[in-house]
Amino acid sequence: MVKPSRSYRVFQGVNGVVLTLVVIVTLYPFANIIARSFSSERQIRAGEVTLWPKGFNLTTYKIVFQDSMFWRNYGNTVLYTAVATTVAMVLTTCYAYVLSKKHLKGRGVLVGVAVFTMFFTGGLIPNYVLVTSLGLKNSVWAIALPNAISVFNLLVMKAFFESLPTELEEAAQIDGLSTYGILLRIVLPLSKAVVATMVLFYSVSFWNSWFSAFLYMDKSELMPVTVYLRNLISGATTGGNAGAADAQLSQVGANIQAVTIVLTSLPILCVYPFVQRYFVSGVMLGAVKG
């Protein structure tokens, strides 16, 4: 076993210190947000809350959790995220797989059409008119379809599919697999890392999205939880500015933003560890070599 040189040990030490500082800087804001969400109004306004709750208080959490509309909107968010992510992954995967074929006629045009939409859009009013005329308002499709394909995610998947050995697909064709069979049985099993990454990107985007629902949903029972919490923040802020004497409303106004961040971030944080392993796995392990 080769003994590490002195310079390498110094590098390891410096690297460890730098990465530790990065972790601390990254985690501190979120730890502070969690502490503020459980702290009382007086300590929050006095700036006494750092990493540990001061004047432990659950008033805001109780108000949110006891509201039946919160749970209904939370269910809507889960439904919208699941449906929209599924639609986005199907369309993005199929489009990216087609664009990865260099022998495809008109490939440059299809790529150009996709890239064009990164820089130019129809605008808010035309999009609203289109969604309304198609009868998509007040439905999950108003959220899923207009944002179904992210061009950035599309280009990432395209580049990944292009890196796969063509010998695998040629061997599958000799064995009699169709184009869809090759995609489902050969390409996608080798693409778990990029698929998991795209699922995470899309799900986080749809989970945090509120403007589409705010624009296309007319009924409060159809709103996602992000709109519910936005309205709660707006109401608490308005009440505070009006000089409301109610202590409960004052408490909500003090830490509603922190509670909102915790409630919207927690599900994604719970899902992330199950997806992370695909980021570091060997994608082509055991495939064709040489």
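**An enclosed cavity and a set of salt bridges**

Helix 4 gives the largest share of the lining of the largest cavity, 3 residues. The model is predicted, so local features need pLDDT of at least 70 and side-chain atom pairs count only at pLDDT 80 or more, while totals for chains, interfaces and linings use all residues. Residues are numbered from 1 along each chain as its sequence is written, and side-chain values use heavy atoms, with hydrogens and water left out.

A cavity is a set of points, on a 1 Å grid over the protein atoms alone, where a 1.4 Å probe fits but cannot get out; lining residues have an atom within 4 Å of a point. There is 1 cavity of 30 Å³ or more, and the largest holds about 60 Å³. Two or more lining residues come from each of helix 4 (68-99) and helix 12 (211-216); helices are DSSP runs of H or I, at least four residues, numbered from the N terminus. Among the lining residues are Thr 77, Tyr 80, Phe 206 and Ser 212.

The structure also contains 4 salt bridges, each a side-chain nitrogen of Lys or Arg within 4 Å of a carboxyl oxygen of Asp or Glu. In one of them, the closest N and O atoms of Lys 101 and Glu 169 are 2.6 Å apart. This pair links distant parts of the chain, 68 residues apart. Lys 101 counts as buried at 19% relative accessibility, where buried means under 20% relative accessible area, exposed over 50%, and partly exposed in between (1.4 Å probe, protein chains only).

Arg 107, Lys 158 and Glu 162 form a network of salt bridges.

Notes: 1 Å grid on protein atoms, 1.4 Å probe; cavity = no way out; pocket = protein on both sides within 12 Å on 5 of 7 lines; lining within 4 Å. Points joined across faces, edges and corners; volume = space filled by probe spheres on them.
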